[in-house]
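Q: I would like to learn how to read the features of a model like this one. Please take me through them in turn.

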Amino acid sequence: MEGTPAGFPREAVATRLLAASVRTSYDPVVDIDWSAPPVPGAYWMPPQRSSLYGTELWAGLSEEQRIELTKHEVASAASAGLWFETILMQMLIRHYYDADPTSRHAQYALTEVADECRHSIMFGRLIEAMGCPVYRADPFDHLLGRWLKATATGPRMYAAILIAEEILDAFQREAMADESIQPLIRMVSRIHVVEEARHVRFARDELTRQVEAAGPVGLSYARLVIGRAAYSITRRLVNPRAYAAVGIPPAVGVATARSNPHWRATLRWSAQRIADHLTELGLVAGPGRLLWRRAGLLGD
């Protein structure tokens, strides 16, 4: 690429991503019509992606309750997205702290932080527009997030970023193309998918470099941290309290979802791309692989 120093492929990737950021970026505060009322009778996510779809609990819900459940499941996923994007931004800032600020790589890291700031505002506005509560992490995951954002480096940092981004991306790519669901969700999904594609490219490129530079001890530790991140991110998608919004006891909803073959298939579908990629890099193995299985992200 013109203007990219020869022999610096990392800089070439960052230069391309910076140019793409100039061409296609959004300000969700002005690019989304937050005042538009919801469409009566429209789901907030494809119903077959609900955690209870296909169960007796689902069959016992009225159509209005099913729609309401999908609204709260979207709010829960948005809350999880906010939680992880806050962690991600702090990890990227730590990465930038030691970087050369004149490099395109460092400048793209800051550009991604700016994107994530807007995404966090967007998810906050989405939860507000839906009239749902913010479904916060439980105390243990909240502390785990503090630890991850303060300590994660190398493969475990970029793999954790990719797990969160690519699982959510699978749901949103489907949602933005589904004209039967709420227009607000389609627009939020479209903005996030377009901008996250750059973030995924950046993280995948950097992860490969970090794996090549890591030693066997570091990789063994990374596999365990990555497995725990996959477990936490997946379990955070549907907060137990979301079920209470339609009169289902949270413990009953959680138990039903975890044993629901439709939901387990959905989780594997959402994680297939990133699970395959991390497996190819040797990052889904050992004790960490058990956590991937417990999260329902790998087949039996």
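A: Start with charge pairs: a salt bridge is a side-chain nitrogen of Lys or Arg within 4 Å of a carboxyl oxygen of Asp or Glu, and by this rule the count comes to 12. This is a predicted model, in which local features need pLDDT of at least 70 and side-chain atom pairs count only at pLDDT 80 or more, while totals for chains, interfaces and linings use all residues. Residues are numbered from 1 along each chain as its sequence is written, and side-chain values use heavy atoms, with hydrogens and water left out.

Q: Which residue forms a salt bridge with Arg10, and which helices hold the two residues?

A: Helices are DSSP runs of H or I with at least four residues, numbered from the N terminus. The partner of Arg10 is Glu206, with the closest N and O atoms 2.5 Å apart. Glu206 is in helix 8 (residues 183-213) and Arg10 in helix 1, so the pair, 196 residues apart, links distant parts of the chain.

Q: Is Glu206 buried or exposed?

A: Buried means under 20% relative accessible area, exposed over 50%, and partly exposed in between (1.4 Å probe, protein chains only). Glu206 counts as buried because its relative accessibility is 1%. Arg10, at 32%, is partly exposed.

Q: How do I read a salt bridge inside one helix?

A: An α-helix has 3.6 residues a turn, so residues three or four places apart point the same way. In helix 4 (residues 63-97), Glu68 and Lys71 are 3 residues apart, which means a separation of about one helical turn. Their side chains meet in a salt bridge at 3.5 Å, N to O. Glu68 is partly exposed, with a relative accessible area of 27%, whereas Lys71 counts as buried at 13%.

Q: Where in the chain are Glu166 and Arg204?

A: The side chains of Glu166 and Arg204 form a salt bridge at 2.9 Å, N to O. Glu166 belongs to helix 7 (residues 154-176) and Arg204 to helix 8; 38 residues apart, they link distant parts of the chain. Both residues are buried. Elsewhere, salt bridges that share partners join Asp115, Arg118, Glu195 and Arg198 into one network.

Q: What span is expected for helix 5?

A: The expected span of a helix is 1.5 Å times one less than its number of residues. Helix 5 (residues 104-130) has 27 residues, and the expected value is 39 Å. From first C-alpha to last, helix 5 reaches 38 Å, close to that value. Gly131 follows helix 5 and has a positive phi, near 75°.

Q: Which residues form a nonpolar patch on the surface?

A: Patches are made of residues with over 30% relative accessible area and no salt bridge; like charges are joined within 9 Å, and nonpolar side chains (Val, Leu, Ile, Met, Phe, Trp, Tyr) within 5 Å. Here Val29, Val30 and Ile121 form one, with about 260 Å² of accessible area together (Shrake-Rupley method, 1.4 Å probe, only the protein chains shown counting as cover for residues). Val29 lies in helix 2 (residues 28-31) and is partly exposed at 38%.

Q: What does the side chain of Ser232 make a polar contact with?

A: A polar contact is a pair of N or O atoms within 3.5 Å; within protein, one must be able to donate a hydrogen and the other to accept it, and residues adjacent in sequence count only if both atoms are side-chain atoms. The side chain of Ser232 makes one with the side chain of Arg228, at 2.4 Å. Ser232 sits in helix 9 (residues 216-235) and counts as buried at 2% relative accessibility. Not counting residues up to four places away in sequence, Ser232 touches Asp141 and Leu144 (contact means heavy atoms within 4.5 Å).
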